[in-house]
Amino acid sequence: MLWAGRSAIEIATAVRQGEVKATTVVEEHLHVISERDPRVGAFRRVRERAVDEARQLHKRRDLADLPLAGVPVAVKDNLEVAGEATRGGSAATPDTPAPEDHVTVARLRAAGAVVVGLTNLPELGLVALGDSAYGIVRNPWNPARTAGGSSAGSAAAVAAGMVPIALGNDGMGSLRIPAACCGVLAIKPGTGLVPAPSDDWEQLVENGPLATTASDLALALSVLAADPALAQAWRGGRRVEPPPRMLRSVWADDDEVWEPQPPPSSPEPFDLRVAYAPQPLPAGMRMDKEFAAAVRGAAETLRMAGHTVVEQEHRLPAWLGPATVATWLVRAAEAAHGLRGLERRTRALARAGRMLRAVKLDGVRGRERWRGYGADQWFGEADALITPALAALPPKAERWGERGLLRNAWTNVTYAPTAGPWNMCGWPAISVPVATHSSALPIGVQIVAPPGGEPHLLGLAAQLQEAHPPLRPPGFSF
């Protein structure tokens, strides 16, 4: 049986029950990476030592209790993995191996996951594109298009079937944008649920998972958040405390592992007030008509599932966009500080950020206004809001790092402007593929919820996925 292409839940269950060895699972995924990654460029480094780490997994006394037993995962190359250099998509960063795992990586490993590689991102994770000194991450659906960014390699690796789940992070849409580009799911948790990166851009950046299925996404989020009650939240949009593990019979064979009967595989009905905004951008900003139509289609799917659905007719405030861009550029200046040999794009973004900071146009007041009361007022009484995940098709997969400020900033702002506002206020948001564009690229919608709304997002994503089952890109099926 080929384990590559199977869900994380299927793999972990089989490893716990002794149906397959973790080494077999990891070896198969490494073989798939060797075959597929030359077309995609998702990985900066593939970890052959992962096979030995998988072998060690079977020595653990708690193997039967590990939620991610033997599951291969990819980690974005701006999060520390012990023994590996953390390059952040840049040749200007030190190549010194990290002394220990970032806490999110440590949690994945403690849950039984095996890190098979580090994924590519644009330099310092500053843009929604996938090129860096280590290559160009290409969209598995169309290699002429970018995989998005900045968690480009993580999204492309999941979409191409090289891993079932991946770890990334999101500062201005860096999980949701590549997920939408590549047709996978990703969730940006709200502030404080999952430990943030060491440089969290003053609480703009959150770590989160990417996956092909809502159930895998929920399981990964529960591990990252150290909250087992999130693992089943996709079923009914609420946290579900896991039942106590039953005692094993004294008459069972020594090698027999007891697994409870799995619950039904379909999501359960629940009722929320869901708003939808096919065109949430301020006047003058364009929205692809097919992306807007996908939002209406997703709203209708959720209406049919039993939710109360209303249209959000107000557009985002005009002042929020400039504040978001200023915040992004000032963070670029801080990220680049002290590094030599940076790309032209990074130097240009950092220079613009320093100029804005010098004249006190740093976005701080706008962020405080939006986070303090603006987001809540604009959102209204809804439990969740659907918007387009992107405003235009993913740009071409090219070496954008060799270009200057205007081309990079304009491209980012015009194709992916809907994600950043929710980093500005720290609210959770998820990207869910729901349709296919006339260009044959996937279409994703973004769903946003107020703080603490991650279970609602997972439940809504599962219902949308029930109506729109996940697809593999052409040439990447199993």
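Author: Cys 181 counts as buried, at 1% relative accessibility (buried is under 20% relative accessible area, exposed over 50%, partly exposed in between, with a 1.4 Å probe and protein chains only). The model is predicted, so local features need pLDDT of at least 70 and side-chain atom pairs pLDDT 80 or more, while totals for chains, interfaces and linings use all residues. Residues are numbered from 1 along each chain as its sequence is written, and side-chain values use heavy atoms, without hydrogens and water.

Cys 182 is also buried, with a relative accessible area of 1%. A disulfide needs two cysteine sulfur atoms within 2.5 Å. The count by this rule is 0 disulfides. Cys 181 is in none; its nearest cysteine sulfur belongs to Cys 182, 6.1 Å away. That is too far for a bond.

Next, Gln 463. It lies in helix α15, residues 454-467 (helices are DSSP runs of H or I, at least four residues, numbered from the N terminus). Gln 463 is buried, at 8% relative accessible area. Its contacts (heavy atoms within 4.5 Å) include Pro 267, Phe 270, Thr 301 and His 307.

Last, a helix pair. α10 (residues 320-336) and α13 (residues 405-415) pack at about 130°, axes 12 Å apart. Axes are lines fitted to C-alpha atoms over the stretch in contact, and angles run from 0 to 180 degrees between N-to-C directions. That makes α10 oblique to α13, because angles under 35 degrees are roughly parallel, over 145 roughly antiparallel, 65 to 115 roughly perpendicular, and the rest oblique. From α10, Val 325, Trp 328 and Leu 329 make the contact; from α13, Leu 405, Ala 409, Asn 412 and Val 413.

Notes
Helices (H or I, at least four residues) and strands (E, at least two) are DSSP runs, numbered from the N terminus. Lists of a residue's contacts leave out its neighbours within four places in sequence.
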